[in-house]
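Work through the exercises below with the sequence and the model side by side, and try each task before you read its solution.

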Amino acid sequence: MELAHLITEELDTLPSANVVRQPSVVTRDEHESRNGHRGAIVWLTGMPGSGKSTIARSTERILYDQGLQTVTLDGDNVRLGLCSDLGFSDTDRNENVRRVAEAAKLFLDQGMIVIVALVSPVRRAREQIKEMIASEDFLEIYCRCPSAVCQQRDPKGHYARAKHGEISNFTGISSLYEEPLKPALLLNTDTETAQESVLRLTTLVLSKCKAVRVVR
């Protein structure tokens, strides 16, 4: 009896133990039917300075101008709000990825195309996203760019600061980046222009999302 009481007490302390998921009165199918396209999560991963944010913003602009319902979750913006309490340890990086994935799922349920631009350097953390989200709803996009090129670009000055020890656990300097094994699309952002990458990504998203009715 005492052990059972302790187990029950421990379960009661879990944040989700007494939470019941509430169904939406408007289904995802209904949202997609009105939108005229499927929803999807388009996850751009890559080293800092590889062009993720630039490609994400330009892709969203094109999709939006064509009448698609879109939202972009950028890594920097997320860390200013939703994940402002997290640092850059492995544990905090994984939690950052988890939170963004959960937020993306909420937008996906509204039938939207969610473009995520996030370094997300740990392969296992990215693989866990694929366990949360159906394969037909998730596109992993790898913005591949050699570290030397990213460091040369250094658009925010972070590489220089990391080299001087001003930023710890910085991907590409003091923390590793693990490449995706089988991305839905590989963008070689060191050899192709941003416009070329955006065109290739936009073409892929349109081909995946333009069907209004999809059996799930």
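The model is predicted, so local features need pLDDT of at least 70 and side-chain atom pairs count only at pLDDT 80 or more, while totals for chains, interfaces and linings use all residues. Residues are numbered from 1 along each chain as its sequence is written, and side-chain values use heavy atoms, with hydrogens and water left out.

**Exercise 1.** Determine which residues of helix α6 are buried and how they are arranged around the axis.

Solution. Begin with α6, residues 123-132, where Ala125, Arg126 and Ile129 are buried; helices are DSSP runs of H or I with at least four residues, strands are runs of E with at least two, and both are numbered from the N terminus. Buried means under 20% relative accessible area, exposed means over 50%, and partly exposed lies in between (1.4 Å probe, protein chains only). Next, these residues lie on the same side of α6 because they cover an arc of only 100° around the axis, the arc being that of the directions from the helix axis to the C-beta atoms. Finally, the cover over the buried residues of α6 includes β1 (40-46), α5 (90-108) and β4 (138-144).

**Exercise 2.** Locate Asp154 and decide whether it is buried or exposed.

Solution. Asp154 sits in the loop between α7 (147-153) and α8 (158-163). Its relative accessible area is 16%, so Asp154 is buried. Although Asp154 is not a glycine, it has a positive phi of about 35°.

**Exercise 3.** Describe the place and the backbone of Asn169.

Solution. Asn169 belongs to the loop between α8 and β5 (185-188), and it has a positive phi of about 55° although it is not a glycine. Asn169 counts as partly exposed because its relative accessibility is 36%.

Conventions:
Contact means heavy atoms within 4.5 Å.
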